[in-house]
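Please look at the sequence and the structure first.

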Amino acid sequence: MKNLKTIRLLQNKVSFLLDIKASKKLTLISIIALAVFLFSASFGDSFINPIKVLQVLIGKGSDFDQLIIVDFRMPRIFIAAFAGMALAVAGAILQGIIKNPLASPDLIGISAGGGAAVVGFLAMFSDSNHSLTVSIEWLPLAGFIGATIVGLIVYIFAWKDGVTPTRLVLIGIGVSAFMQAITTMLMIIGPIYQASEANKWITGSVKSADWSQVQIVVPLILILLLITFFITRQLNVQELGDDTAASLGQSVQKTRLFLLLLSSSLVASAISFAGAIGFVGLMAPHIARRIVGPSFGVLIPTSAAIGAILVMVADIIGRTAFNPLEVPAGVFTAAIGAPYFIYLLFRNPRK
């Protein structure tokens, strides 16, 4: 009996020490994310000294610097950061549901659903003069609806006396391929300008961000992130397997549906304004897991910080590397993410 108590005390101490270590790493990554957030305001058509950026943020900069930083650069930085957080956390949730580090929103078709909805919107509301008959502001809503509906479709088709992770992935891959086929068809039969506009959105770009978009997407993503932080225990239980989760009192299928809808909502919120930025939902959680471990209590916020860093850095490269041309941020996340995915496949051959 004494030996059992001693073992439990040692386990608690080890867990406590690991939590402290992971928290320190999370703090460091959060500081890096904040530094990237502030530093990215320096980059664009012209470089602005970081000291001047800080002066602008405290209200002491010149009118010209305030115009460039506050009106032009800050909205896209906010969208990039919060889109990265949402995609990363959505990926972490899916990896917890599917119990596979290779799972991501791109894999099960949620991002493809948003893309198909956007291209369909452009095709449906374009007239013979190659102009939209409705406001372009409805475009994000189309992306949100498409991503959410596809998430539900994947779950419904994967249901057979419950939803298993394997069926969820296989159905998701099929639905994703179908949505990509629809997207390609709509882009081919539509006018050239529509294909160009849709391609920018599908690739993922924050170039057209403005403060009205920030006011919508930031509160929405913050609410979804807070919900995720409060249910990390459910994610930890899900990873133990269906039988163990059920024995611990969790309603496995209801919880899995809720988590899938939560992940879909995060993806939909992100891609509605930033486009379908790929591979962030795959890379960020996996990197975070290697840094702080598998416990979702610290994995979720770490993934969010890393996701923000990835998209903000991709946006910095996109608007500076080929100046005066501007390359969508999604091009660079895909350029990094595709090789990283291949690396993970070789590293996890049984997954």
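Arg 73 is found in helix α3, helices being DSSP runs of H or I with at least four residues, numbered from the N terminus. The model is predicted, so local features need pLDDT of at least 70 and side-chain atom pairs count only at pLDDT 80 or more, while totals for chains, interfaces and linings use all residues. Residues are numbered from 1 along each chain as its sequence is written, and side-chain values use heavy atoms, with hydrogens and water left out.

Arg 73 has a relative accessibility of 7% and therefore counts as buried (buried is under 20% relative accessible area, exposed is over 50%, and partly exposed is in between, with a 1.4 Å probe and protein chains only). A polar atom of the Arg 73 side chain lies 2.6 Å from the backbone oxygen of Ser 46. Leaving out residues up to four places away in sequence, Arg 73 touches residues including Phe 43, Asp 45, Ser 46 and Arg 319; contact means heavy atoms within 4.5 Å.

The structure holds 6 aromatic pairs, that is, rings of Phe, Tyr and Trp (its six-membered ring) with centres within 6.5 Å; planes under 30 degrees apart count as stacked, over 60 as edge-to-face and the rest as tilted. Two of the pairs are tabulated here.

| Pair | Centre to centre | Angle between planes | Type |
|---|---|---|---|
| Phe 39 and Phe 43 | 5.1 Å | 75° | edge-to-face |
| Phe 43 and Phe 47 | 5.4 Å | 70° | edge-to-face |

Phe 39 is partly exposed, at 41% relative accessible area, whereas Phe 47 is exposed, at 52%. One aromatic cluster is formed by Phe 37, Phe 78, Phe 82 and Trp 211.

The largest nonpolar core has 77 residues, and Ile 79, Ile 93, Ile 97, Leu 266 and Met 312 have the most contacts inside it. Such a core is a set of buried Ala, Val, Leu, Ile, Met, Phe, Trp, Tyr and Cys residues joined through side-chain atoms within 4.5 Å. Helix α3, residues 63-98, gives the most to this core, with 20 residues. Apart from neighbours within four places in sequence, Ile 93 is in contact with Thr 228, Leu 235, Leu 259, Leu 262, Ser 263 and Leu 266.

Val 313 is found in helix α13, residues 296-320, and is partly exposed at 33% relative accessible area. Val 313 and Ala 80 are 233 residues apart in sequence, yet their C-alpha atoms are 9.1 Å apart in space.

Note on methods: Helix = DSSP H or I, 4+ residues; strand = E, 2+ residues; numbered from the N terminus. Polar contact = N/O pair within 3.5 Å; in protein donor to acceptor, adjacent residues only side chain to side chain.
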